[in-house]
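Q: I am new to this structure and would like to learn how to read its features. May we go through some of them in turn?

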Amino acid sequence: MENLRPWIERDIEQAQTCHADAMLSALLQRASNNPQTEQPQLLDMCLAAVVGLCNTRSGPIRESLKKYVKSGDEHALYEPFIQLANGAFAGLGQIKIDGMPDASELAIMCQQNDPKNMEQYHQDLKSIRRPDVVIIPFLYNAFPEVAEKTNSEDLRRDLATEQPEVALRWEDVLTCIEFKRPTKKDFSKPKDKYTVASRVLTKPEYLRVERPLEDPVLKVPAAAETGISKTPAAEPAPAVEPRRSTRISKGQSGKRKADEPSQPSASKRAKTGDKDRKLDVTVQTGLYAAEMFAANVAVTRIINLIVVDDMLWIWYYDRQGIIQSSGINIIQDLPRFMVLLYALQRFSLDVWGRSTQFKRDEKNVSHNITIFDKHLGDVDLKLLTSDKDKVKNYGLKGRATNVFPVTSKTLEKKYAGITKDSMVAKIFWAEEQRTSEPEILEKVAAIAASHPDTVKGHVPDLLWYHKFEEPTSEIRQQLGVPEPKKGSRVLYILIFRKLLPITELTNAEFFK
């Protein structure tokens, strides 16, 4: 896991940026009753609708704000933030806005996790992470002993500020929230009365990856490890600001975009073994996103939050890249924070990025999906996602190839010699602008057919494939990110005959 950190750090450095209001508008549209239609009025409508809740003179929201501004260290931020968010969810669930659905049946809530370790295996290696606070479905059983005695919702909310009795599972976590309290500055007090106003600017507007105190290769001092970087600009950042890293190598490989380096720069490679270096909060949160991608099949997006003092940033991850919003001051710009929670509360699992087409069985050993094919009708696939021969991806950007053994009654009937043990499914995010793998393999098959003695039997045998029609460029077009379709990716699933290792051949077969 430590060896992969520099690649995560590189992807974070290349993150694009957008205005916080643009991100909020996009999330609201995704959560709305009509997500395919642009609805520029939604943000203003929602801001106006939540102001009354912000101005409630008593109750969990006001009390949590008062407690939050008195927090002296990072750990002291967790409890008031959780109480603020969960109190807000209770109130926001009652707010009705035209064009917006009721709260999702997930009934999300914030739950403290730190200092509980969360573990996950990648092939045979175990990673251990410890996010501070997570958003999970309300009914997720983090306190099984308590659940046996009572089903009280009030008690469940009270327990949200305690570490879980059992370790949380990455596949059940919807969002990770990472906190930093670097400055020990005094927070401004909550406003007596909130109004629908322009966004309160934060400083910095955007987070950057911090270098350690001294770069071991460049031998130059870097900014102090505060978890945030200082920006000299006094003027507001533009609505969309392309991000560029100044420490990127120029090498590239065949499957990468022209402006994407094939490996981290020399300085990053030199720091790979530096396990004692404290991770920047942006990289730390990116590693959580990588765990969430790896824990679920065909994840389309991850949304995490970073909170530094009284400022919050929204981080959006998909296989095309990363986008971070400008900051939101959760004390002085409380209505915008409430709108964020309002949108998340209305996310279905699909909007969260967890594909409900891939249905996990009760024993958690496989995922099942049925896809309509115009030639074959319904094609049933059972992905053996817990099989020892699976190969899972760990990372943020790129093709993110996963390979699982698969069974299919439909395909077994169609092809001679196919049994339940002779197929594999390859799931990956292909770049839309490139020639697709099925097209390439179709040409390869034609060549093999014309050379039966020398080629046929020595090339991949593609049995079936499907392309999911949801490109990653959609969110970038909504946000107004420059060149939104550049590097856009789309999900494919390919079914092949299973190949065996060459080491299973011996003697003349091996030589041939």
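Q: Is Lys-66 buried, partly exposed or exposed?
A: The model is a predicted one. In it, Lys-66 has a relative accessible area of 41% and is partly exposed, because that class lies between the cut-offs of 20% and 50%.

Q: With which residue does Lys-66 form a salt bridge?
A: Side chains of opposite charge can pair when their charged atoms come close. Here the partner of Lys-66 is Glu-63, with 4.0 Å between the closest N and O atoms. Glu-63 is partly exposed too, at 43% relative accessibility.

Q: Which parts does the salt bridge between Asp-114 and Arg-130 tie together?
A: In this pair the closest N and O atoms are 3.2 Å apart. Asp-114 belongs to the loop between strands E2 and E3, and Arg-130 to the loop between strands E4 and E5, so the pair links parts 16 residues apart in sequence. Asp-114 is buried, with a relative accessible area of 7%, whereas Arg-130 is partly exposed at 41%.

Q: How many salt bridges are there by this rule?
A: The count is 25. One of them joins Lys-388 and Asp-389, at 3.4 Å from N to O. Lys-388 is exposed at 72% relative accessibility, and Asp-389 is partly exposed at 38%. Through shared partners, salt bridges also connect Arg-169, Glu-171, Asp-172 and Arg-360 in one network.

Q: What covers the buried residues of helix H3?
A: The buried residues of H3 include Leu-42, Cys-46 and Val-50. Among the elements covering them are helices H2, H4, H5 and H10.

Technical notes
Residues numbered from 1 in each chain as written. Predicted model: local features only at pLDDT ≥ 70, side-chain atom pairs only at ≥ 80, totals over all residues. Heavy atoms only, no water. Buried < 20%, exposed > 50% of the residue type's maximum accessible area, 1.4 Å probe, protein only. Helix = DSSP H or I, 4+ residues; strand = E, 2+ residues; numbered from the N terminus. Contact = heavy atoms within 4.5 Å. Salt bridge = Lys/Arg side-chain N within 4 Å of Asp/Glu carboxyl O.
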